[in-house]
Amino acid sequence: MTGLKYQLKSVLRDKFCLMTFLLPILVAVALNFMGSIDLSSLGELHFGVLENDLSPQTVTWLEQYGPVTAYGTQEELVAAINEPSTNVIGVKADGNRIKTAISGDELDIFRQAAATLPALYEQREHAGQTEVQVLERSDILENFQGIFIPAVLIVAMFMGCTFNAMNIISEKEDGVAFINEILPMSPSQYIFQKVVVGFLFGSLSSIVTACICFRLSWQNFGVMLALIVLSSFVAALIGLFIGRLSEGLMIGVVYIKIVMLVFIAVPIVCALIGVSGPLAIIYNIVPSHPAFDGIMALTTEDMGTAIKDVGILAVHCIAWFMLYSLSSAHCKRRAIHEPEKCLICGGKNPSP
């Protein structure tokens, strides 16, 4: 218990660790908030005209397509058109017609609208007789949230990897690793002490994120909890490997970035390209893939797939735990007898 208290104090002092645990929660809140924002105004046309230049009928016609702002001078109108943060289309009278002016840095849709507007104005009487059907606009973020939210939850699950790796690396640099060498501590006790904090905080961050993003039944929440617990445990074990293999802080950061990139990229790519069959089985070697697949299955009420992914993660937990236990025992034996031949740490860190 003394070792666990020390690890907890280390977490509370480390702002980087606290940030990594809180970041997925903040992102989940932001995604939920953005999902309720109406972004349709971003694609709306905006027109700028000179006062007393266009007839009231023309201004009324323009207002059917977007807001119209009147400017007192030509300079003010040009400044509004050239403003990089806007997509204002300038409209001026040209006899019985109209002409448009743009700055050229607008999106293609606004440039096309500016080019089409004069011809549309000439045909406005015929266009007025055309029956228009207004279709309901779907939520812009709705399709993306199906991937964003599970991806954020994956990040939360595997945050324990970052903590455990950085914790071991900092112990190496501070000399605490040498103290661990002489402590009467078995490999299983060392694994428990190192895994438990990253595992608990990663699980807690994931549970809070899941509660924010999902509205699950008790049965589905039980499966989600199993996915979270198993994924967090695997991530914590992988963090131990990264910490043991890293000789310094910068190398450890590089390893963490590579692992996190693989964890996030593999399941997202599989979801986007629709991987199935034998290839999907191969991708299950990456622990984040069954976790991501299980979360996606829960959102579609596919309980069979979710339970299958729980089983795959359970196999990952057993395999990674056995691998780390065997490597620790091997490392300790080599560090005592042949330190220069130790493949795991080269005899520099013969901790359990």
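Val254 is partly exposed, with a relative accessible area of 44%; partly exposed lies between buried (under 20%) and exposed (over 50%), taken with a 1.4 Å probe on protein chains only. The model is predicted: local features need pLDDT of at least 70, side-chain atom pairs count only at pLDDT 80 or more, and totals for chains, interfaces and linings use all residues. Residues are numbered from 1 along each chain as its sequence is written, and side-chain values use heavy atoms, without hydrogens and water.

Val254 sits in helix 12. Together with Leu245, Ile251, Tyr255, Ile258 and Val262, Val254 makes a nonpolar surface patch of about 470 Å². Such patches join nonpolar side chains (Val, Leu, Ile, Met, Phe, Trp, Tyr) within 5 Å, from residues with over 30% relative accessible area and no salt bridge. Helix 12 (residues 249-273) gives the largest share of the patch, 5 residues.

Helix 3 spans residues 56-63, with Thr58, Trp61 and Leu62 buried. Seen down the axis of helix 3, the buried residues fall within an arc of 100°, so they line one face of the helix. The arc is taken from the directions from the helix axis to the C-beta atoms. Pro56 and Gln57 are exposed on the other side of helix 3.

The protein chain holds 15 helices and 4 strands, defined as DSSP runs (helices H or I, at least four residues; strands E, at least two) and numbered from the N terminus. Of its 352 residues, 42% count as buried.

Methods. Patch = residues over 30% accessible without salt bridge, like charges linked within 9 Å, V, L, I, M, F, W, Y side chains within 5 Å. Areas by Shrake-Rupley, 256 points an atom, 1.4 Å probe, with all protein chains shown as cover. Salt bridge = Lys/Arg side-chain N within 4 Å of Asp/Glu carboxyl O.
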